[in-house]
Amino acid sequence: MSHLGKYEQMPLTFEKLKKLEVVLEKEGYSLDEDLGLILQSDYYSYSVTPYDVITFASIGCDGIHFGLLTDFGTVSDLENAFVVCISPMDFGSHIKIVARNIREFVSLICTMKDTGAISNFNHMKEEEEYLNLLKQIKKEEPENKEFVERANYVVEKIISTIRCEIIDDVYQYVERMIRTERKQQTILPTLDGLGVVAMENVFRSHSIYKLEEDMNINLNEVKNFFNTASTESKLAFIRDAQFTNLISDEIELKELVINEMIKLGLNDEVGRLKNIDD
């Protein structure tokens, strides 16, 4: 699993899920078939997958996948990394932090009883939207009695294995608690909503290079920006250039960004950038 880079191994919660999957399959159940959770041991990515995200799961539909946000390698333990949902088909709202860590992500799955439902969060902000989604899921349960029974069994197995809990208020958790916690961590906003955490001197002034989809890039301007900008500003540029597809569309810009990332010591992220599967 070379995509793990310096982290060397996946978090314990992921390994527990893999072992549980083996047990469930012997009993005729499955994380995939019964909860829509496909564990990914190999790197699973699209051009929009942030370079500092280590992917670990997908749903087998529309390229939707989930990954651990390393904040360009500054997260010390993947068990504590935020979980990001990437939905490539929902351009413009295709990236969102959906859980504070992988264990709480599993709690979300147990709450929703459908991993795919979590991808709906990417284009939801209001409490009413969350309540409507939960009502819809509840409404459909009587029509899918056998599926619900199977899902409940797998959820019980997960809860006893991972020691996670059902989340009482999904809206409060995703839109209030996570957003607040993330905002407190970041010092620069980015178009993907992830932001950039402090890397060096927090008192240094930071600049934003404004990017938008399909804009004409002046490479000399970008070079000058990289020569003078703070590390955090450069990382914000990289996030925004990827989010707007400029890196995948502009070969010269891509080469420039890769060179800058190498200078910053972001070798793991460069490896993921080069291996991304469009």
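Let us begin with Thr 244, which sits in the loop between α9 (231-243) and α10 (246-249). Helices here are DSSP runs of H or I with at least four residues, strands are runs of E with at least two, and both are numbered from the N terminus. The model is a predicted one, in which local features need pLDDT of at least 70 and side-chain atom pairs count only at pLDDT 80 or more, while totals for chains, interfaces and linings use all residues. Residues are numbered from 1 along each chain as its sequence is written, and side-chain values use heavy atoms, with hydrogens and water left out.

Is Thr 244 buried or exposed? Thr 244 counts as buried because its relative accessibility is 5%; buried means under 20% relative accessible area, exposed over 50% and partly exposed in between, with a 1.4 Å probe and protein chains only. A polar atom of the Thr 244 side chain lies 2.8 Å from the backbone oxygen of Asp 240 and 3.3 Å from the backbone oxygen of Ala 241. Beyond its neighbours within four places in sequence, Thr 244 is in contact (heavy atoms within 4.5 Å) with Phe 91, Leu 191, Leu 211, Glu 212 and Glu 213.

Now turn to helix α3 (102-112). Because 10 of its 11 residues are buried, α3 is largely enclosed by the rest of the structure. Among the buried ones are Ile 102, Phe 105, Leu 108 and Met 112. At the start of α3, a side-chain oxygen of Asn 101 comes to within 3.2 Å of the backbone nitrogen of Arg 103. Just after the helix, Lys 113 takes a positive phi of about 60°.

Aromatic rings come next. Rings of Phe, Tyr and Trp (its six-membered ring) pair if their centres lie within 6.5 Å; planes under 30 degrees apart count as stacked, over 60 as edge-to-face and the rest as tilted. The whole structure holds 13 aromatic pairs. In one of them, the ring centres of Phe 66 and Phe 105 are 4.8 Å apart and the planes are at 50°, so this pair is tilted. Phe 66 belongs to strand β3 (residues 65-69) and Phe 105 to helix α3, 39 residues apart, and the pair links these distant parts of the chain. Phe 66 is buried, with a relative accessible area of 0%, and Phe 105 counts as buried at 1% relative accessibility. Tyr 209 and Phe 237 form an edge-to-face pair, 5.3 Å centre to centre with 85° between the planes. Tyr 209 lies in the loop between β7 (196-197) and α8 (219-228) and Phe 237 in helix α9, so the pair ties together parts 28 residues apart in sequence.

Finally, look for the pockets. On a 1 Å grid over the protein atoms alone, a pocket is an open set of points where a 1.4 Å probe fits, with protein on both sides within 12 Å along at least five of seven lines; lining residues have an atom within 4 Å of a point. The largest pocket is lined by 25 residues, with Lys 96, Arg 179, Asp 192, Gly 193 and Leu 194 nearest its centre. Which helix gives the largest share of this lining? It is α7, with 7 residues. The second largest pocket has 17 lining residues, and Met 112, Lys 113, Ile 137, Lys 138 and Glu 141 lie nearest its centre. Here α5 gives the most, 6 residues.

Technical notes:
Polar contact = N/O pair within 3.5 Å; in protein donor to acceptor, adjacent residues only side chain to side chain.
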